[in-house]
Amino acid sequence: MERPELLGTQLFDLSGRVAIITGAGRGLGRTMALSLAAAGADLVLTARTASEIGALAEEVRELGRRAVAVTADVTSEADANRVAAEALAQLGRLDILVNNAGINIRKPVLELTEAEYRQVLETNLIGCFHFARAAGRHFVAQGCGKLINISSIMGQVALASQGAYASSKGGIEQLTKVLALEWASANVQVNAIAPTYFETPLTRPLFDDPERNAFITGRTPMGRWGQPHELAGAVIFLASAASDYITGHTLTVDGGWTAW
Ligand SMILES: NC(=O)c1ccc[n+]([C@@H]2O[C@H](COP(=O)([O-])OP(=O)(O)OC[C@H]3O[C@@H](n4cnc5c(N)ncnc54)[C@H](OP(=O)(O)O)[C@@H]3O)[C@@H](O)[C@H]2O)c1
């Protein structure tokens, strides 16, 4: 081991690192932001709703970390570039990007409009592309960086009515592999996390529907939905020195869904 001093919890220490989290205002993004802050990172929180990211920034500062809230729409490349510039201007460095912002429009493909299909791809996939490039230019130039794309089990397996969403998440997993190859020699690690169903505002309609809820619970080997804090280990691992030789990988956090 080249750095034997990095043992135990030190491997996962993010002190002094700066992370951008997209879609940080609620749901999984909010919880992952708090997890990264708990591991020591300073944060740039971004989403379209200023009140949500502003309140989270306050909460993060109360934990003793620096945090700035920057409103942005991931479908805009100019917004992505502005957020990366704000990270450097306000917090002085940029080490980690969590590409988390996402939406879903659940409809059979024959009922889905082209505009709806484009909206999901533009938010979930092209949004990742914009932020990956905005942060990635800086990561490559500095010779290190951690990019974590939030996919879904729908990037690997399918269900009816997930035509737009599954297309976008499959794209994210392939983009993850390509960027891993393109930036490997620059010591930038690019990985993805593929969660199963977690209780958040995005999945509230499914959670509240007794039939859908029972299907999801019954289909999950562990027999329950994920709780947002159960992504903490995956995101801290992929953001930290503990994953320095892992790139191009999608880590499923799915209670066993994709094991059968
Ligand atoms: N919950 C699950 O079960 C689950 C499972 C697998 C994967 N995921 C993935 O995890 C990620 C987060 O999901 P979630 O359940 O936490 O969703 P959520 O509760 O609906 O939160 C989504 C976040 O993304 C932001 N966002 C949406 N569109 C945006 C845009 N155009 N520009 C900037 N920000 C935007 C939202 O903020 P604004 O509306 O304020 O912009 C919000 O902060 C998504 O990529 C989702 O596909 C979730």
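Where in the chain is the place of N187? N187 sits in the loop between helix 5 and strand 6 (188–195). The model is predicted.

## Overall fold

The chain has eight helices and seven strands. Its radius of gyration is 18 Å, close to the 18 Å from the globule rule for 260 residues, so the chain is as compact as a globular protein of that length. Along the principal axes, the C-alpha atoms fill a box of roughly 50 × 40 × 40 Å.

Buried residues account for 45% of the 260 residues. Take the contacts with a separation of 6 or more: 72% of them join residues 24 or more positions apart.

## Nonpolar core

The largest nonpolar core holds 68 residues. Those with the most contacts inside this core are A33, L36, L43, L45 and V235. Helix 4 (residues 114–142) gives the most to this core, with eight residues. In soluble globular proteins, nonpolar side chains tend to be buried together.

L36 shows what such a position touches. Apart from neighbours within four places in sequence, L36 is in contact with L14, A19, A41, L43, V235, I236 and A239.

## F131 in helix 4

F131 is found in helix 4. Is F131 buried or exposed? F131 has 28 C-beta neighbours inside 10 Å, and 20 or more are enough to count as buried, so F131 is buried.

Beyond its neighbours within four places in sequence, F131 is in contact with T22, V74, A80, L97 and N99. T22 belongs to strand 1 (residues 18–22). L97 and N99 belong to strand 4 (residues 96–99). F131 and A84 are 47 residues apart along the chain, yet their C-alpha atoms are separated by 8.1 Å.

## Strand pairing

Strand 4 pairs with two partners. Three bridges join strand 1 to strand 4, and the two run parallel. Here I21 stands opposite V98. Four bridges join strand 4 to strand 5, again in parallel. In strand 5, K146 is the bridge partner of I96. How do the side chains of strand 4 point? I96 and V98 point one way, L97 and N99 the other way, and all are buried.

Strand 2 (residues 42–47) pairs with strand 3 (residues 67–71). The sense is parallel, over five bridges. V44 has V68 of strand 3 as its bridge partner. Strand 3 is mostly covered, with four of its five residues buried.

## Ligand surroundings

There are 28 residues around the ligand. Which of them come nearest? They are G23, G27, R48, T49 and G102. Helix 1 (residues 27–38) gives the most to this shell, with three residues. By type, the shell divides into eleven nonpolar, 13 polar and four charged residues.

G40 lies in the loop between helix 1 and strand 2. Why does G40 count as partly exposed? G40 has 17 C-beta neighbours inside 10 Å; buried needs 20 or more, and exposed needs 12 or fewer, so G40 falls in between.

Leaving aside neighbours within four places in sequence, G40 is in contact with D13, L14 and S15. L14 is also one of the contacts of L36. G40 and R66 are 26 residues apart in sequence, and their C-alpha atoms are 9.8 Å apart.

## Positive phi in two loops

Most residues other than glycine have a negative phi. S161 is not a glycine, yet has a positive phi of about 70°. S161 is placed in the loop between strand 5 (145–150) and helix 5 (163–183). With 16 other C-beta atoms within 10 Å, S161 is partly exposed.

N187 is the residue that opened this report. Its phi is near 65°, a positive value in a residue other than glycine. N187 has 14 other C-beta atoms within 10 Å, so N187 is partly exposed. Its loop lies between helix 5 and strand 6, whereas the loop of S161 lies between strand 5 and helix 5.

How values were computed:
Residues are numbered from 1 along each chain as its sequence is written. This is a predicted model: local features need pLDDT of at least 70, side-chain atom pairs count only at pLDDT 80 or more; totals for chains, interfaces and linings use all residues. A residue is near a molecule or strand if its C-beta atom, placed from the backbone, lies within 6 Å of it. Ala, Val, Leu, Ile, Met, Phe, Trp, Tyr, Cys and Pro count as nonpolar, Asp, Glu, Lys and Arg as charged, and the others, Gly among them, as polar. The radius of gyration is taken over C-alpha atoms; the globule rule is 2.2 Å times the number of residues to the power 0.38. Two residues are in contact if their C-beta atoms, placed from the backbone, lie within 7 Å. A nonpolar core is a set of buried Ala, Val, Leu, Ile, Met, Phe, Trp, Tyr and Cys residues joined through C-beta atoms within 7 Å. Two strands pair if DSSP finds at least two bridges between them.
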